[in-house]
Amino acid sequence: MTTLGNAVANCLFVTLGCAKNEVDTDRMRALLLADGFAETDAVDDADVVLVNTCSFLASASAESIETTLQLAEEAKDGVRERPIIMCGCLPSRYGQELNSELPEVAAFVKAEDEDGIVNVVREVLGLPMSEGFSAALGGRTLRTVDGASAYVKISEGCDRFCAFCAIPYIRGRYHSRPEAEICAEAADLMRGGVRELVLIGQDTGIWGSDFPEAEKNLAWLLRKVAEVVRPYGGWIRVLYLQPEGMTDELVATIRDTPEVLPYIDIPIQHCNERILASMGRSGSTQQLRELFARLRREIPGMVLRTTGMAGFPGETPEEADELLDFIREEEFDYTSVFAYSPEEGTKAASMADQVPEDEKMERTQRLVDLAEELGFAATAKHVGERTKVIIDGMEEGENGPELIGHAWFQAPDCDGAVHIESGEAAVGDVVTCDLVDAFCYEMVGEIVRDGVEVEDSNE
């Protein structure tokens with residue numbers, strides 16, 4: 001145990017931003033717990049507060065700073081101040097600038113330095129350094145996932161340098177995580193009760209492109225991870241695939257590997273060729289149409305998620321309508337929508353013809369309205385199906401406690417859930433449900449009675 005005086009030292013973790021930050025926080029938490037620290041979810045009980053920040057958008061940076069300052073205020077109890085440690089994207093993006101801007105923060109830890117979090121925490125608490133403490137702890141994978149699904153990062157950084165995006169400046173150049181590490185982590189998570197692995201990265205489709213072995217690509221990795229999860233009946237879901245990454249081999253692997261869900265997430269941002277070129281991306285409306293037609297032909301019943309951006313500099317009303325029409329005609333199951341944000345240091349921030357804010361918001365709202373119309377209809381199409389549902393937890397419903405889970409066509413934390421009003425199950429259980437109703441992105445399920453054999457609708 002790591003103690004302050006006679007008590008175990010408690011850490012409070014606060015995570016902002018995307019799933020990749022959740023993985024990073026989980027890693028830091030595991031390192032600190034392995035060194036003898038304890039975790040608390042209350043500021044009053046904390047000896048140190050760690051804030052893992054997001055800086056993808058200016059609004060995210062502002063939220064990160066606001067949250068940190070609020071926690072710093074809460075950490076003052078009149079007797080002692082609990083030091084605040086700011087981690088992740090904000091320190092990676094702004095570096096030394098933050099030292100003078102945020103004197104309330106005791107230490108700043110860039111994303112690439114987070115494996116050294118143990119000694120950072122020890123230093124701010126005035127504890128001896130942990131000499132020889134190894135982040136790998138003898139090669140053992142460190143995760144502290146309690147739920148039924150877990151994000152697994154397969155890469156870091158990005159080489160695309162899209163005109164609107166600051167990620168390469170925050171997270172650095174692209175590098176693939178070795179498959180041995182990924183598979184070892186997958187095995188540990190499965191043994192710990194996780195039943196779904198969600199593979200993430202800035203650009204998952206090019207995994208392995210920086211390795212010398214030509215055969216090591218994402219399709220190859222999916223087959224390797226499938227071997228790990230197969231004995232547990234586990235699922236594999238892949239997010240953040242770019243259009244160029246959808247090779248014939250990858251499509252065939254998704255189709256032919258039962259553990260890999262037929263759920264494909266391809267953030268197009270736009271469809272107009274001129275706008276895509278201005279963004280620093282490739283493709284055109286026709287090429288994207290051909291891609292999605294091929295995917296639907298090759299993987300029947302597949303669920304498609306995408307992302308659209310409204311109001312990129314120079315976007316004309318006609319080009320905004322083109323994106324709207326494209327998304328309507330393709331009938332995506334799920335569409336995330338972003339209003340363009342001029343991010344400091346990016347090429348697009350200095351472009352002429354910035355779209356006025358009111359016009360940008362109007363275009364964004366039209367995309368949101370369409371996304372909801374299509375998404376609600378896609379969800380309702382699953383009513384009447386019998387399928388497997390992973391139980392994620394329990395919450396209070398209108399008629400009392402209900403189980404909350406998600407089906408294969410619902411990415412955890414993204415796409416809604418299945419609400420089960422009666423039945424018994426534990427987190428991590430995989431139950432068979434009849435889907436009897438839908439409301440917005442949510443579904444109502446009824447657990448099939450014991451002894452009934454069913455064929456899962458996604459197989």
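Arg366 and Glu362 both sit in helix α13 (residues 357–380), four residues apart, so about one helical turn separates them. The two form a salt bridge, and their closest N and O atoms are 3.2 Å apart. Arg366 counts as partly exposed, at 27% relative accessibility. Glu362 is also partly exposed, at 36%. The model is a predicted one.

Now for the other salt bridges. A search of the whole structure finds 35 of them.

| Arg366 | Glu362 | 3.2 Å |

Which parts of the chain does the pair of Lys153 and Asp24 link? Lys153 belongs to strand β8 and Asp24 to helix α1, 129 residues apart. Lys153 is buried, and Asp24 is buried too. Both belong to a network of salt bridges that also includes Glu156 and Arg171.

Arg255 lies in helix α9 (residues 248–256) and Glu298 in helix α11 (residues 285–298), so their bridge ties together parts 43 residues apart in sequence. Arg255 is partly exposed, at 38% relative accessibility. Glu298 is partly exposed as well, at 30%.

Glu114 has no salt bridge, yet it is buried. Its nearest side chain of opposite charge is Arg171, 5.3 Å away. Glu114 lies in the loop between β7 (105–110) and α5 (117–124). Beyond its neighbours within four places in sequence, Glu114 contacts several residues, including Asp24, Asn52 and Cys87.

Next comes the sheet. Six strands form an open sheet, in the order β8-β11-β12-β13-β14-β15, with parallel pairing. β8 (149–153) and β15 (334–339) stand at the edges with a single partner strand each, so one side of each has no neighbour in the sheet. From one strand to the next, the twist averages 20°. Strands β11 (residues 196–200) and β12 (residues 235–238) pair over four bridges. There, Leu199 stands opposite Val238 in β12. Helix α1 (residues 19–34) packs on the sheet and touches β8 and β11. The direction of α1 makes about 90° with that of β8.

Last, the nonpolar cores. The largest has 51 residues, and Leu197, Met246, Ile264 and Leu295 touch the most other members. Helix α8 (residues 218–229) supplies the largest share of this core, nine residues. Apart from this core lies another, of 26 residues, among them Tyr151, Val303, Ile391 and Ala407. What does Leu295 touch, not counting residues up to four places away in sequence? Its partners are Met246, Val251, Ile264, Ile266, Met302 and Leu304.

Definitions and conventions. Residues numbered from 1 in each chain as written. Predicted model: local features only at pLDDT ≥ 70, side-chain atom pairs only at ≥ 80, totals over all residues. Heavy atoms only, no water. Core = buried A, V, L, I, M, F, W, Y, C linked by side-chain atoms within 4.5 Å. Buried < 20%, exposed > 50% of the residue type's maximum accessible area, 1.4 Å probe, protein only. Helix = DSSP H or I, 4+ residues; strand = E, 2+ residues; numbered from the N terminus. Contact = heavy atoms within 4.5 Å. Lys, Arg positive; Asp, Glu negative; His and termini not counted. Salt bridge = Lys/Arg side-chain N within 4 Å of Asp/Glu carboxyl O. Pairing = 2+ DSSP bridges. Axes fitted to C-alpha atoms, helices over the stretch in contact; angles between N-to-C directions.
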